[in-house]
Amino acid sequence: MTDEELMVAVCEGDRSAYRTIVNQHLGSISHYAFRILGNSKDTEDISQEVFLRLWTNAHKWQGEKAKLSTWLHRIAHNLCIDHIRKHGRVDTKSSFDEDHFENNGTGSDIEGGVEGGVEGGFESKSEENEKFHLLKQAMDQLPESQRSALALCHYQGFSNKGAAAIMNISVSAVESALARAKRSLKERLLTAAPENSDRQD
Amino acid sequence: MTIQEQENEQLDRLLNQIEVPDFSGLESRVLNQSLPERQMPALDRFLDWLLPRENFGKNIWRPATAACLPLVFGIVVGNYFSFGFNLESDGFSYWEDELTMLSLNDYSETTFQ
């Protein structure tokens, strides 16, 4: 069934169509919410709310204007932004167990951990892990718009145009946010690298 | 490969390493949440009532009633408002004038000649 057919069925109260949409989109919605919110509890609450809105507002979706995934991401984005504005800064402690990560070396079995080893091979694992920690911290400090642009374009695979539609900003604003986010992360990693080397010496 | 390209590649690699947790219980939570009755727009609800998709034969009186409404409305409105037409008084004055005109005719010269 196409998205249009599924949404027509949902409009008519078909719960099996609703279940199909949940199966198709829950993964990407929950991943996006986690990238923005940074903790599991809020992610689950927001994901649940997204699909509740899908059920209650299905008739508002206009297939000719936006794909279903774009529409759902837009709902998720708005809910995440509202949540952050209401409840202040995101608590990322619960999303990443640093002690566990340090003890095990890799964090493939934990929330937000590093999966797999270093592919490049030109850096030691500890250096890579150090950079990973720095990157996590730097990402947590990014402004909402930059983090959203990065999450949508880098992780969710949206084009700049798609991300702009979800964030309700212009394409050039998305490009700018994305470029600033990457520059900020690189600067953070580069400035931290000499400090780490000094510490190791 | 330039230094900048290496930096970009390293950044992308590190970004790709940040995984999200497995929300194993989330799917059942979302599927089992109580879904409220959807609030359809009033027009859609009215059309659904007027032209039901099931048991249309039993509910044929609904569109039939709706079709009669303009007629009923016209009768009611016509009873209350004259819209500038006063048929009774116009009729009387018309016939009185007509009789007066007829009485002035000289039929001996025209009809019975």
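A:H25 sits in helix 2 of chain A, residues 15-37. Helices (H or I, at least four residues) and strands (E, at least two) are DSSP runs, numbered from the N terminus. This is a predicted model: local features need pLDDT of at least 70, side-chain atom pairs count only at pLDDT 80 or more, and totals for chains, interfaces and linings use all residues. Residues are numbered from 1 along each chain as its sequence is written, and chains are lettered from A and ligands numbered from 1 in the order in which they are written.

**Around A:H25**
- A:H25 counts as buried because it has 21 C-beta neighbours inside 10 Å. The cut-offs are 20 or more other C-beta atoms within 10 Å for buried, 12 or fewer for exposed, and partly exposed in between, with C-beta atoms placed from the backbone.
- Leaving out residues up to four places away in sequence, A:H25 touches A:S69 and A:L72. Contact means C-beta atoms, placed from the backbone, within 7 Å.
- A:L68 lies 43 residues from A:H25 in sequence, yet their C-alpha atoms are 9.1 Å apart.

**Chain B**
- Chain B has six helices and zero strands.
- Of its 113 residues, 4% count as buried.

**Where the chains meet**
- Chain A gives 31 residues to the contact, and chain B gives 23 residues.
- On the chain A side, helix 2, helix 3 (40-56), helix 6 (125-141) and helix 9 (171-200) each supply at least two residues.
- Helix 3 of chain A gives the largest share of that side, nine residues.
- The chain A side divides into 10 nonpolar, 12 polar and nine charged residues. Nonpolar covers Ala, Val, Leu, Ile, Met, Phe, Trp, Tyr, Cys and Pro; charged covers Asp, Glu, Lys and Arg; the others, Gly among them, are polar.

Conventions: Contact = placed C-beta atoms within 7 Å.
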